[in-house]
Every structure is written in structure tokens, then in C-alpha cells.
Amino acid sequence: MNYNIAVLAGDGIGPEITNAAISVLNKIGKKYGHNFSFKQLLAGGIAIDKTGNPLPDETIEECKKSDSVLLGAVGGAKWDTLPGHLRPEKGLLKIRAELGLYANIRPAKLFQSLKGACPLRSDIAEKGIDIVVVRELIGGIYFGERGIKEINGETAAYDTEQYSVSEIKRIAKIAFELAKKRKKQVISIDKANVLESSRLWRKVVHELAKEYPEITVTDMLVDNAAMQLVKNPAQFDIVLTSNLFGDILSDEAAMITGSIGMLASSSLGDTTRGLYEPIHGSAPDIAGQDLANPIATILSCAMMLRDSFSLINEAEHIEKAISEVLDKNYRTADIMSEGKTKVSGSKMTELILSEI
Ligand code: IPM
Ligand code: MG
């Protein structure tokens, strides 16, 4: 079988980590008799430099023709002063919207071998962390009406949070379906004590919950959720939330596992074509120094194999290879701890390849 994968390497460490992931996919392909074809496309800061546009039309068209998309990371200080519509981040928001990827799935799991890297007290870490953040990705305040205006003789800026019933329903459905395969528990995060959009969110979630009697749904206000995540993360399984709250809480969830360099994500819509990317950013400070941990991007490829191509054994093979390397105590700088062997990003990739 041939699979066409669009690669948006992006900025900073993006090219190193996507190249690492490509080498892993090629090895898996050889082993299992699949052919993965890769098409490198411009997105983010590099696209601004080369074309003046953070998401050129060609990139959109090629992504739409592909079977799936692999993304590294976008952004960097170099482009921070550009106006909003010309920033690298706009390219990322736009490709998500163009591909209709409304569901962002961000698993935050504390790897057994990395328990020492968890920043929480050991009695809290002991109970384990295994959370999946289901974040709405193409609605809410990141896409709402915005602008700058004059009020009382001074400049004011505004952004709008808006959600329709159908937007809430389709993301909630993803969370409920996922919950069926896990602990049958959904915690829905909102700010219904203040926001009208959150009150609608809550209403729609409860309405849909009637169709899933086997699932327990709990509402939690976002400020409380931020606190509970560090106090007792073991209480969370599926976290269902809006674009803005999900952006913030998924970074928090990732950080408490102590290894943001390890966490993968998928963005899905109504077709099997998804966009897969590490949760971490472009880390311009370590770009080009062979320091970046490629594991999050490689794990994102495992998610792609499973969720877009239904290649379950192949996905498990990659995950197992990574566990083996970690069990042998090899660590990149970001997850290094005492007594372990520190390796470069490329060495880590080599070690993973040798386990496949
Ligand atoms: C993320 C990032 C993006 C987002 C930025 C880069 C636009 O923070 O994927 O979480 O806010 O979605
Ligand atoms: Mg973010």
C-alpha cells in the first residue's frame, strides 16, 4: 500500500524532528511492506521568508491531496513583530481550518521510565497520569471576530469567543466515543459561571450525554481544573474543552508528565486524513544543535499509523521501540536524569531505528 504524507517541517527544530520521524516511517514501511511517500511543503516562518505567506496555496492544495499530514513546529522570535495575519502561527491555524480538523487529541501520559522527571510530589506522581485532552480546534476565540477600535479616545482590541451548537456537539461526540474505549469518564471544562458560550457548551454536552448513559460526565470550571491538574491529576481521564482552554490546559497536562518533548498529538475531522504534530513548539534556542528530542514527533507518526491508516501493529512497533530505548536508559537532554546516558537527537533516532 502507498501512503502520501505531506510534511510541513516548519521552523526551529521542526526540520530535525520531522526528518527523524520520516526515517522511522521508512524503516517501518520496509519492515511491513508499505510505501510512504513524503512531500515537503512550506508553512510557518520559513514560508513567510520564502513566499511572504505563512501558508501558501500550494501547501493547502497538496495537504488536501495527501493521505495525512506531518507537522514539525512553527514560529520564532524572528517573526514575532509581524501583524497577526502574517505570523507563522496563522499558518498553523489556517491549515487546521482548511482541513476541517476540529478535534485535537492530546494524550498526556507519565511514562513509567520517566517518573523521575515528573515535577509533582512523588505521592501524587505515584498515582499515575494518563489524560487525553480533547480540544476543539477550529472555533472559539482563536477564530472569532476580532479587531482594534477607538473607545473613549484610546485604542482598544477585542477577540470574540463564539460556539454554535453543532460545533460543540461534534467535538463532544469525539470525547464520548473516546471515553467508551477508556475509563468511560469525561470531564468537561468551561467557565459557565461567567461566559454565555460556556453555558451553551455545558447544555449541549449534557444533552449529548443522554445518548451515552454508560459514560459519567462531570463539569469543571477551568480555573479549578488548572488547580486540580497539579493537585490530583489521577482524577482525569478524558478532558473535553474549547480551543482556548484546551490550548492552556494541554500545556499544563503535558508539563506535569515532565516530558513535553515526549508528547504527540493528532488533529482530526470527519475523514481519515489527520494532522499529526508534537505538542512542543519550535524551540529556536536549541535548533540546529542536534539537541531536540525526536520522540514526540515519532510518536505522532505512530498515532498517524493507527488513526489515519489503521496500521495498528506498525504503530505498536514504534511505541515499543521507544520504550525499549528508554528502558535501556538512553535520554535526550530534556529528559535527562542522574545515572542515565545522555544522547543527541540523532543518536536517539538511531537507537529507535535499531529497535525496529
Ligand atoms: C498549540 C499551539 C498553537 C495553538 C499556536 C502555535 C497557534 O500553541 O498547538 O497548542 O494555539 O493552537
Ligand atoms: Mg499551545
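Reader: By class, how many nonpolar, polar and charged residues does the shell around ligand 1 have?

Author: One begins by sorting the neighbours of the ligand by class. In this predicted model, the shell around ligand 1 has five charged residues, two nonpolar ones and no polar ones. The residues in question are Glu-89, Leu-92, Arg-96, Arg-106, Arg-135, Tyr-142 and Asp-247.

Reader: Which helix gives the most to the shell around ligand 1?

Author: Here one assigns the neighbours to elements of secondary structure. Helix α4, which covers residues 88–98, gives the most, with three residues.

Reader: How far is an oxygen atom of ligand 1 from an N or O atom in the side chain of Arg-96?

Author: For polar contacts, the cut-off is 3.5 Å between N or O atoms. The Arg-96 side chain has such an atom 2.6 Å from an oxygen of ligand 1. For Arg-106, a polar side-chain atom lies 2.7 Å from a ligand oxygen, and for the side chain of Arg-135 the distance is 2.9 Å. As to burial, ligand 1 taken alone exposes 320 Å², of which the protein buries 77%.

Reader: What helices and strands does the protein chain have, and why is it described as compact?

Author: The protein chain has 12 helices and 14 strands. Its radius of gyration is 20 Å, close to the 21 Å given by the globule rule for 356 residues, so the chain is as compact as a globular protein of that length. The C-alpha trace spans about 60 × 50 × 40 Å along its principal axes.

Definitions and conventions:
Residues are numbered from 1 along each chain as its sequence is written. Chains are lettered from A and ligands numbered from 1 in the order in which they are written. This is a predicted model: local features need pLDDT of at least 70, side-chain atom pairs count only at pLDDT 80 or more; totals for chains, interfaces and linings use all residues. Side-chain values use heavy atoms; hydrogens and water are left out. A residue is near a molecule or strand if one of its heavy atoms lies within 4 Å of it. A polar contact is a pair of N or O atoms within 3.5 Å; within protein, one must be able to donate a hydrogen and the other to accept it, and residues adjacent in sequence count only if both atoms are side-chain atoms. Accessible areas come from the Shrake-Rupley method with a 1.4 Å probe; for residues, only the protein chains shown count as cover. Helices (H or I, at least four residues) and strands (E, at least two) are DSSP runs, numbered from the N terminus. Ala, Val, Leu, Ile, Met, Phe, Trp, Tyr, Cys and Pro count as nonpolar, Asp, Glu, Lys and Arg as charged, and the others, Gly among them, as polar. The radius of gyration is taken over C-alpha atoms; the globule rule is 2.2 Å times the number of residues to the power 0.38.
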